[in-house]
Structures are given as structure tokens and as C-alpha cells.
Amino acid sequence: MGIQVDAIDKVFDPYFSTKQGKNGHGLGLYMSKKIAVEKLKGSLSVKNTKEGALFKLVIKDICEL
């Protein structure tokens, strides 16, 4: 299943939601990526696999924070 190909590049944009009509506000993944990058000096990415969407969170050495 995963994320539709035309939407996958937008999932981290503010106010973008794939949950039309289901109370999706489009802020969760945006804020998650913002925290990962700005506070944890890491990254957050997504790709589709056979099993569905795979999110990857990479955090630098947190002992330096």
C-alpha cells in the first residue's frame, strides 16, 4: 500500500494531509521532521516498500546535545 507516488514528496510539508475528511491536519510529520533536523541534528525520510511506507529517523550522537 504505502503512500501514493504523487504525494510522497509532500508528506513533510506543513498542512499536507493524505487523510481528507478524517481530521488530518498535516502537522504531525512536518513537526516530526522539524524536531529531527533542528533539535536532534538528524534526518527523517520516507520511502515505499512492498510492505508499505517505511520511515527512517537518523539521529546524530545525542551525547553532544
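Visitor: How many helices and strands are there in the protein chain?

Guide: Please note that this is a predicted model. From the N terminus on, the order of elements is α-β-β. The count for the protein chain is therefore one helix and two strands.

Visitor: In which sense do strand β1 and strand β2 pair?

Guide: Strand β1 covers residues 43-49 and strand β2 covers residues 52-58. The two form a hairpin, with two residues between them. Seven bridges join these strands, and one of the bridge pairs is Ser45 with Lys56 of β2. The sense of the pairing is antiparallel.

Visitor: Which element gives the most to the lining of the largest pocket?

Guide: The largest pocket holds about 260 Å³ of space and is lined by 14 residues. Nearest its centre lie Phe16, Ser17, Thr18, Lys19 and Leu29. With three residues, the element that gives the most to this lining is helix α1, residues 28-39.

Visitor: How many nonpolar, polar and charged residues are in that lining?

Guide: The classes are assigned by residue type, with Lys, for example, counting as charged and Phe as nonpolar. On that basis, the lining of the largest pocket has seven nonpolar, six polar and one charged residues.

Visitor: Which accessibility class does Lys41 count in?

Guide: Lys41 is found in the loop between α1 and β1. This residue, also other than glycine, has a positive phi near 55°. Its relative accessibility is 49%, and the middle class lies between 20% and 50%. Lys41 therefore counts as partly exposed.

Visitor: What percentage of the residues of the protein chain count as buried?

Guide: The C-alpha trace spans about 40 × 25 × 15 Å along its principal axes. The accessible surface comes to about 5,400 Å², of which carbon and sulfur atoms hold 56%. A residue counts as buried at under 20% relative accessible area. Of the 65 residues of the protein chain, the share that counts as buried is 18%.

Visitor: What share of the contacts with a separation of 6 or more comes from residues 24 or more positions apart?

Guide: The contacts in question are those within the protein chain, taken at a separation of 6 or more. Among these, residues 24 or more positions apart account for 29%.

Definitions and conventions: Residues numbered from 1 in each chain as written. Predicted model: local features only at pLDDT ≥ 70, side-chain atom pairs only at ≥ 80, totals over all residues. Heavy atoms only, no water. Pairing = 2+ DSSP bridges. Helix = DSSP H or I, 4+ residues; strand = E, 2+ residues; numbered from the N terminus. 1 Å grid on protein atoms, 1.4 Å probe; cavity = no way out; pocket = protein on both sides within 12 Å on 5 of 7 lines; lining within 4 Å. Points joined across faces, edges and corners; volume = space filled by probe spheres on them. Buried < 20%, exposed > 50% of the residue type's maximum accessible area, 1.4 Å probe, protein only. Contact = heavy atoms within 4.5 Å. Areas by Shrake-Rupley, 256 points an atom, 1.4 Å probe, with all protein chains shown as cover.
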